[in-house]
Amino acid sequence: LNGNAEIISTDDSSHSWITTLYSNTNTSGQNVFQRARGTQSTPLALQTNDTIGNFSFRGYDGTAFTGSQAYINSGASENWTATATGTFIDFRTTAN
């Protein structure tokens, strides 16, 4: 799958993205965000402040869905090399 995938629920039941793993070892289900600069055929290392992945939270304001009003963002805190892979996590919310 390339591009966006959207899952739409039109009833009153809750909607979730669920990852289930059954295992007898110490492992877990994962949602993985991977990021590279460059292209698929020629990937390049991340640079300081590049976003790696985020969870974005939006709501309907009576007219339209808002832009992101809260999010959890992770990114590179340094230029990446084989021995330098520093990251940050940023939590943001909208004040009342």
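Are tyrosine 60 and phenylalanine 65 buried or exposed? Tyrosine 60 is exposed, and phenylalanine 65 is exposed as well, where exposed stands for over 50% relative accessible area, buried for under 20%, and partly exposed for what lies in between (1.4 Å probe, protein chains only). The structure is a predicted model, in which local features need pLDDT of at least 70 and side-chain atom pairs count only at pLDDT 80 or more, while totals for chains, interfaces and linings use all residues. Residues are numbered from 1 along each chain as its sequence is written, and side-chain values use heavy atoms, with hydrogens and water left out.

The secondary structure comes to 0 helices and 5 strands, and read along the sequence these follow the pattern β-β-β-β-β; helices (H or I, at least four residues) and strands (E, at least two) are DSSP runs, numbered from the N terminus. Of the 96 residues of the protein, 11% count as buried. The protein exposes about 8400 Å², of which carbon and sulfur atoms supply 48%, the accessible areas coming from the Shrake-Rupley method with a 1.4 Å probe and, for residues, with only the protein chains shown counting as cover. Among the contacts with a separation of 6 or more, 21% join residues 24 or more positions apart, a contact being heavy atoms within 4.5 Å.

The sheet comes next. An open sheet is formed by 3 strands in the order β3-β4-β5, with antiparallel pairing, where two strands pair if DSSP finds at least two bridges between them. Its edge strands are β3 and β5 (87-92), each of which pairs on one side only. From one strand to the next the twist averages 10°, with axes taken as lines fitted to C-alpha atoms (for helices over the stretch in contact) and angles running from 0 to 180 degrees between N-to-C directions. The antiparallel pairing of β4 with β5 extends over 6 bridges, and isoleucine 72 stands opposite phenylalanine 91 in β5. Asparagine 73 lies in strand β4 (residues 70-76) and, at 8% relative accessibility, counts as buried; leaving aside residues up to four places away in sequence, asparagine 73 touches Thr51, Gly53, Asn54, Phe88, Ile89 and Asp90.

Asp90 leads on to the charged side chains. The whole structure holds 2 salt bridges, each defined by a side-chain nitrogen of Lys or Arg within 4 Å of a carboxyl oxygen of Asp or Glu. In one of them, aspartate 90 meets arginine 92 at 2.7 Å, N to O; aspartate 90 is buried, with a relative accessible area of 19%, whereas arginine 92 is partly exposed at 46%. Another salt bridge joins aspartate 50 to arginine 37, with the closest N and O atoms 2.6 Å apart. This pair links distant parts of the chain, 13 residues apart, since aspartate 50 sits in the loop between β2 (43-44) and β3 (51-57) and arginine 37 in strand β1 (residues 37-38). Aspartate 50 counts as buried at 8% relative accessibility, and arginine 37 as partly exposed at 35%.

Because phenylalanine 33 lies in the segment before β1 and phenylalanine 55 in strand β3, the pair ties together parts 22 residues apart in sequence. The rings of tyrosine 60 and phenylalanine 65 are likewise edge-to-face, because their centres lie 5.2 Å apart and their planes stand at 70°.

Notes
Rings of Phe, Tyr and Trp (its six-membered ring) pair if their centres lie within 6.5 Å; planes under 30 degrees apart count as stacked, over 60 as edge-to-face and the rest as tilted.
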